[in-house]
Amino acid sequence: MHIILKFRGPSSWHSSRSFPRSQKSFVRRNNIDIHKRLASSDTPQTLPKRPRGKSWLRYPATLLALTGVGYYAYENHQPFRHAVLATLRCSQLARAAISGAIDYKRTFARTYSSEEDRLEAVSQCHVRSATKVLNALLANGGIYIKLGQHIASLIVLPREWTSTMAPLQDKCDATPYEGIEALFLSDMGQPISELFDDFDPVPIGVASLAQVHVGYHKASGKKVAVKVQHPHLVEFFNIDINMVQSTLGWIKYWFPEFEFTWLGEEMRENLPREMDFVHEARNTAHAVADFENIKTSLYIPEVISANKRVLIMEYIQGGRVDDLAYLSKHNIDRNKVALELTRIFNRMVFMNGWFHADPHPGNLLIRPASKSSKSPYNFEIALLDHGLYFDLERELRVNYSKLWLSLIARSSPNVDADRRKYAELVGNITPDLYPVFEAAITGRLAPDGIIEADDGPKSDIRRATGMLDMASQTEEEMELIRNTVAQGDILVSVLDVLRRLPRRVLMVMKLNDLARHLDHSLATTHSSVRIFLVTSKYCMRAVWQDEKDRFRKGALASGSFLGSTWAFATGYYKITFIELMMDCQASLVKVSAWLRGFYSRGLSGAHDAAAGLY
């Protein structure tokens, strides 16, 4: 095969160019080489083999180089580090949540030989799913712990979920002392040693957002509690909250019945307030002003200094409000403690319209009252952690009060209609969801409704026609409520109620649940209905106050106002009389316990028995 190359360029190009001898010889040699190669191109050629050398080193070397670059970027480039951590945290939570949702679907889809087997299977599914989520939250830490605490406070969730999440109130990792020192230098501009004497490097309490140390404040000379925010929260807040919302959004997309997106929205709105300790100091001052002229056992610690991430406040020495041994040691009546706690929170909700939104026993301390105290009893209740408060607008507050009063009244067609009417006004609760909602408010079986699933077991437990008609809760009733929530369709209804309820109403229900829980933990000798009566009196006052305001503005006729005033007075004194009867009965129970203790163990035994210690 021969190829002839011809150049047809202009002749002037040939004539105008002259090459040196060396260049000409170079061109000739290369032309000869080209012709030889082209001439031999039709014969097969064998490509030379590549020398192996050390090519096997390229892959591990490349991997090592990428690892080094990744490590350097993680340590020195904040956006890259955030992306890596966000991916890991999101995957942990998403894996736990999706695995749990699939587990639920499979459990509810199976057939069982008996109702007991089905209930046991559902209970175990609750435990498995809650444990997976708990482990993911603990691994992530930070605001994920706060997410678990929110779940633990949802009173209408199955007991297995709330009890599994309960340890998150205590299982929080402390920031090392070196991190606290660095935060003081960056935020306060001074080392800890210049601000405090005897600053204890070991925190006395660790929560999801902050930890508390004890020291002596040099400027004021007082023993103080120093609340310090975990330094890493600010760095990861935005990425963490985005990941929480994304995960909850994907769960809703794949499993529409498991809808918790509202929880992510609530955390995005409220956590920045809880993380601002200047805001907490303002809330504290507001709460002090609300109770300034009220004769109450409530005590709110003084704020000495407030920075965005450091809060210095008065140190309170006391015991947990549900510590029966502490109450006994200081001769504090546990019945009065339970009632006074109910009064404090009900005044916040129904009279002030502005209430503490993170109530749990860890935020309450009790101590003997001093001589200068304004408490009507021999004790003071210190309320801590004022980072989050909610307001309750007048219309919602009045409608909730009317709902509660309809629950107190005996059942009748008009009363039943009022219950459903105000449930819809307060919580967007439709008639089919009403029994679940009512059971959540009262902690009891719905007085005029059935909360069992249609295909579930029916109970012959007698339901009261109103809360005043309720007897003490039996183990059978508690077990029925637990088993009912385990029903697949009832669980979906519970989640639907949570989705519909305004957050403020949910927080009011949380306060009600705290009052019931403490009343039970304190082993009070009065009826379980006793704290409901306290709430009812505050609801009556809220409704009457609204009627009075409307009358002053000319929006209510004088005849209607007089009628509402008479209804308020008669209802209020009727409940006061019932309270007196119940308190007398509670005293007789304590006297009976004292006598039994004295007969078996003498004076010390009598004292312990009356205090509920055995």
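This is a predicted model: local features need pLDDT of at least 70, side-chain atom pairs count only at pLDDT 80 or more; totals for chains, interfaces and linings use all residues.
Reader: Why is H14 called roughly parallel to H21?

Author: The axes of H14 (residues 334–352) and H21 (residues 530–552) cross at roughly 25°. Angles under 35 degrees count as roughly parallel, and therefore H14 is described as roughly parallel to H21. Their axes come within 9 Å, and the crossing is right-handed.

Reader: Which residues make the contact between H14 and H21?

Author: From H14, the contact involves Leu339, Thr342, Arg343, Asn346, Arg347, Phe350 and Met351. H21 contributes Arg530, Ile531, Val534, Thr535, Tyr538, Cys539, Arg541 and Ala542. By class, eight of the residues in this contact are nonpolar, three are polar and four are charged.

Reader: What makes Ile180 of H8 a buried residue?

Author: The term buried applies under 20% relative accessible area. In helix H8 (residues 177–187), Ile180 is classed as buried, together with Leu183 and Phe184.

Reader: How do you know that the buried residues of H8 line one face of the helix?

Author: Viewed down the axis of H8, the buried residues fall within an arc of 100°, so they line one face. Glu178 and Ser186, on the other side of H8, are exposed, a term that requires over 50% relative accessible area.

Reader: What covers the buried residues of H8?

Author: The covering elements include helix H9 (192–195) and strands E1 (196–197), E3 (210–217), E4 (223–229) and E7 (310–314).

Reader: Which residue with a positive phi follows H8?

Author: That residue is Gly189, with phi near 75°.

Technical notes. Residues are numbered from 1 along each chain as its sequence is written. Side-chain values use heavy atoms; hydrogens and water are left out. Axes are lines fitted to C-alpha atoms, for helices over the stretch in contact, and angles run from 0 to 180 degrees between N-to-C directions. Helices (H or I, at least four residues) and strands (E, at least two) are DSSP runs, numbered from the N terminus. Angles under 35 degrees count as roughly parallel, over 145 as roughly antiparallel, 65 to 115 as roughly perpendicular and the rest as oblique. A crossing is left-handed if the near helix is turned anticlockwise from the far one by less than a right angle, and right-handed if clockwise. Contact means heavy atoms within 4.5 Å. Ala, Val, Leu, Ile, Met, Phe, Trp, Tyr, Cys and Pro count as nonpolar, Asp, Glu, Lys and Arg as charged, and the others, Gly among them, as polar. Buried means under 20% relative accessible area, exposed over 50%, partly exposed in between (1.4 Å probe, protein chains only). The arc is that of the directions from the helix axis to the C-beta atoms.
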